[in-house]
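This briefing is meant to be read alongside the sequence and the coordinates. It is arranged by topic, and it begins with a question.

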Amino acid sequence: MDTDYFLKLFFSGLTRGSIYALLALGYTMVYGIIKLINFAHGEIYMIGAFIALIMSGVFTIWGLPAPAILVLASLVALVYSSAYGYTVEKLAYKPLRRAPRLSVLIGAIGMSLFLQNYVLLAQTSNFLPFPQMLPEFPIPAALAGTVTSAQMIIFITTTVVMVILTVLIKFTRMGKSMRATSQDRTMATLVGINVNRVISWTFLIGSFTAALGGILISSFIGQINFYIGFVAGIKAFVAAVLGGIGSIPGAVLGSLVLGMAESYAAGYISSVYEDVFAFLILVLILIFKPSGLLGKPEVQKV
Amino acid sequence: MRNKIVVVFLAFALVASLVGASGQSESGPIKIGVAGAHSGDLASYGLPTANAAQLVAEKVNAEGGILGRQIQLVVEDDQCDPGIATNIAAKMVGEKVVAVIGHICSGATRSALSIYTGENIVAISPSATTPELTQSGEFPLFFRTIAPDDAQGQIQAKFVVETLGVKRVAILHDNGDYGQGLAEFAQAAIEAGYPDVKVVLMEGVTVGAVDYSAIVNRVGSSGAEVVIFGGYHPEASKLVGQMRTQGINIPFISGDGIKDESFIDVAGKASEGVYATGPMDTTGNPIAEEARKAHLAKYGEEPGPFFMNGYTAALAIVNAIEAAGSTDTDAIVKALRSKYVETPMGSIRFDDAGDAIGVGFAIYQVQNGVYVEL
Amino acid sequence: MKRNEILKMAGIALWFVFLTFPIMVIKVRVTDQVIVWRWHNMFYIGFGTFFGGLLWRFALLRRKATRKGAASKVLGYVEKTGLPVLFRTVRTKITERRNRRFLYVALMVFVIVYPLVFSLYQTNIMTSALIYVVLALGLNIVIGLGGMLHLGYIAFYAVGAYTYGILYRSFGIGFWVALPIGAVLATLVGVLLALPVLRLRGDYLAIVTLGFAEIVRIVLNNSGSVTGGPQGIGGIPRPGFFGIEMRLAAATTYTYYIIVAAVLLTIFVVWRFENSRLGRALVAMGEDDIAAEAMGIDLTKTKVIAFALGSLWAGIGGVIFASRTTFINPGSFTIWQSVIVLSCVVLGGMGSIPGAIVGALGLILLPEYLRAFSDYRMLMFGAILVIMMVFRPGGLIQKKRKAYTFPTEEEALS
């Protein structure tokens, strides 16, 4: 196959990877702090998209100018999703902080189911068209035809988010508290960190990224439905694990690897087996690096 | 462990005692089952039919019911899962329904039919399109208000080769029982009927994937001149959207899964020029208009996919029971096959296999945001 | 409840009204550019959360109180109603030795008589539930005893079902022959899965098992020539009684008895396994695998056997499932079904046999009886999962470790 095709697949993979990354970041952050696989994360992504859609519909009918709609609707969606994430945590996960792993998992699954059906019943089961919220801008000629502006926006956003999060974790006080909490929660409490606050912030930030992902991706794909959270969530989870769950650069790396693997599998082998390929790569990597690409192996104290 | 056997017993007893068996007297309400996916990812295909049945039942009941008896709907959700569908079927049998409107998905319908046929219950589906349901002869009590997939595949193949005049065809599908079936029929029709036309790509896409650019790239590099797609409107709209964004402007044709307003809504500009085979147009039909208004009034939104088919099925059953003069299955079957009924899809009756006569397929194209019959 | 509490609750109710505002109150109709404002929802949410919240608070307090073991005002109120006393007397009466045997017999009679007393539909549902009981018991081995997060259990179920389907389609093989073949094949696949995941733990194991289930499903979906692809395989015969074919009612009853027999067999085997050397090794490994290894337990062998044994039951369940629904397609074997079986085990009580049974029965039969709520079914299901986990994270029937105690003088004499 020619290089043009190869390059196209590369950018496809990059797009997919960025999309997964936006979600995987949230997964990984939450997991890093409280060791919970937040199945409801995908639903936050979905709710973010829905609220953006609803608000943009309202604003359009009220006749606001287009850029204002974009900004306002997104803002409202982001704020709301963070609120949802915060509430879900306080409601379902906080009481389960000391419960066995599997129970928390089931609780998360229950939450995911609840949120899906909540949106289904309150809104609709139909697929809804999502307005094109991403601004178009010209692409440098060399890449035009291979990449679209929507894709570029997604890459850039993901990179920016990743940088911001890494800076946050490394250099701010909140970041330090997060690291401390993730290392040893009891000790963190003992040195005066308000663990509840830290966890709430983690969820807020995680949900924020999820909603951001929801808005961007839905603009890219053009449609939403109450079920999209589930599918996206699983993929993002795989990506996060692949990269080493708990590590932020890992989440991005894992997502990119996953995205590329799927893209090339679909492009050269068969579109049907792209998921199979993705999982096989996952298994392979985990065989050689059981904690994921950039994951820190869990040290077991005897 | 032994102590807990108690709890098991109590649980068993408690749960089983929540049972309600129901019978039906000869003068009580006429029970009609409505089965389909009302939750889960295929809910958007099952709920409109449930709504349709509801509207028909209300309308008929307001006018005095059938044979002087009120219609009572038994609405059940099978989530398009064949396993659950058999449970539902058994329940319908237990509830002594006269007929079942459903199921929605071909797989679920098939597994439910194995029970309905044995128990002598008529089933009429608005959307199960697998040909063997009527063509295999295994299900003499099954009817449907939609044409089977092989007919669609045939029409698509003919259109693509004879009207569009292409020589290289790419066929995509969504790996589902409906979509893949349709795609395979189209492929078979092309290969059998037009040996000098080549199918350059036959691929399945993953439903729910975030990005289809990989497969779209393949379509581009395969040199295809047209894309035939078997599947539903969400995937179709994503595919067309990405095709157009990538600058691949070849014609796109699909089946009744996308021949619906929702496809145009969701695909937006990209839907312009897309072809679809679908049941004959209902917009001129007064009954269809009335049904649509009723749906809008009651549910506050436009009806979704297969609504008209569901409405037709409901009317057909009601009419058949009325015409038969009783709830006897044989009489109903005879009535379905011999009497014409006015429906949103025109004046129809059913043939010996169970397919609806007068419900054929036509080709449509999206022009200026509306489906126009060609 | 103090005044502060009530104000706080009102604040929370307001928060929820705010939170759910866009989704519950606003509905946009894009086609005709109309917004529908459903203000009444706001009131439902507001009042619902207010009173619901009070209830939740109450329940949480009670939970905290019981946990701390301290006498609290709340418990005091509940005691006064006399209900706990009733429960306690019932429980002690029931667990008395002489009553137990009577209850066993009663249970057995009930089970045997079930299809004759209840309708076809009920029998069908019960058969469904019992298949899940077998699955839950099998999964219990891996998760409950071995402590391994297995999210892909449904794959083995699929293997069993498809073995029967494919054998029937290609060779016309009947139920009784397919049953052992399906079981063996599922076990082999279980071993196949166990091998690459030996080094993984916790959530990594979870994702790989999940992936495995998806791979199996996708492969089944795309191997049309053998598996019928998404169209599946139909016309699979129900179990025959020495070659006689039966009508629906009789066949359903027959299948019911078959599954009852399978359940009894499973309970027996799992129970004996739990108390066997391998079983105890598995439990040890689940608790602390380093310590277990230090005690000389071969982790690899134990893990593989756990997976294999678990898969065996899934295979059997799968074959029976195929014969019951007579039609199988990959859509019945998605991640979601894995989640359901997982929930059965966790909700019922990890590691405990009665727990798995109750969990499966409850989880499968409950939605059937919740059909009255139709649309809200799944919503309530999700809510129930969350609530159950918050208030009873160990599951309904928790595993009782066999503790050896020395009887006191009094106990020995009574």
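Predicted model: local features only at pLDDT ≥ 70, side-chain atom pairs only at ≥ 80, totals over all residues.

- Strand β2 (residues 71–77) of chain B is a parallel partner of β1(B), and seven bridges connect the two. Within this pairing, B:Leu73 of β2(B) lies opposite B:Ile32.
- Strand β3 (residues 99–101) of chain B also runs parallel to β1(B), to which it is joined by three bridges. Here B:Val34 has B:Ile101 of β3(B) as its bridge partner.

**The open sheet β11-β12-β13 of chain B**

- Three strands of chain B form an open sheet in the order β11-β12-β13, and their pairing is antiparallel. The edges are held by β11 (341–343) and β13 (356–357), each of which has a single partner strand, so each has one side without a neighbour in the sheet.
- Three bridges link β11(B) to strand β12 (residues 346–350) of chain B in the antiparallel sense. One bridge pair consists of B:Thr343 and B:Gly346, the latter in β12(B).
- Helix α12 (residues 307–324) of chain B lies across β11 and β12 of that chain, and its direction makes an angle of about 155° with β11(B).

- The size of an interface is often given as the accessible area lost when the parts come together.
- For chain A and chain C the buried area is about 5600 Å², and carbon and sulfur atoms give 79% of it. On the side of chain A, the residues that lose the most area to chain C are A:Tyr80, A:Leu102 and A:Ile106, which together account for 11% of what that side buries.
- Chain A contributes 60 residues to the contact and chain C contributes 59 residues.
- Zero salt bridges are found across this interface by the rule applied, whereas four residue pairs are in polar contact, both residues having pLDDT 80 or more.
- At least two residues of the side of chain A that touches chain C come from each of α2 (41–62), α3 (66–93), α4 (101–122), α9 (228–243) and α11 (274–288) of chain A. The largest share, 16 residues, is supplied by α4(A).

**Backbone features in loops**

- Most residues other than glycine have a negative phi, and most peptide bonds are trans.
- A cis peptide bond leads from B:Gly102 to B:His103, with omega near -5°. B:His103 belongs to the loop between β3 and α4 (106–118) of chain B.
- A:Lys35 is not a glycine, yet its phi is positive at about 55°. A:Lys35 sits in the loop between α1 (3–34) and α2 of chain A and is partly exposed, its relative accessible area being 34%.
- B:Lys96 likewise has a positive phi, near 60°, without being a glycine. The loop between α3 (82–94) and β3 of chain B contains B:Lys96, which is partly exposed at a relative accessible area of 45%.

Methods. Residues numbered from 1 in each chain as written. Chains lettered and ligands numbered in written order. Heavy atoms only, no water. Pairing = 2+ DSSP bridges. Helix = DSSP H or I, 4+ residues; strand = E, 2+ residues; numbered from the N terminus. Contact = heavy atoms within 4.5 Å. Axes fitted to C-alpha atoms, helices over the stretch in contact; angles between N-to-C directions. Buried area = accessible area lost by both parts, 1.4 Å probe. Salt bridge = Lys/Arg side-chain N within 4 Å of Asp/Glu carboxyl O. Polar contact = N/O pair within 3.5 Å; in protein donor to acceptor, adjacent residues only side chain to side chain. Buried < 20%, exposed > 50% of the residue type's maximum accessible area, 1.4 Å probe, protein only.
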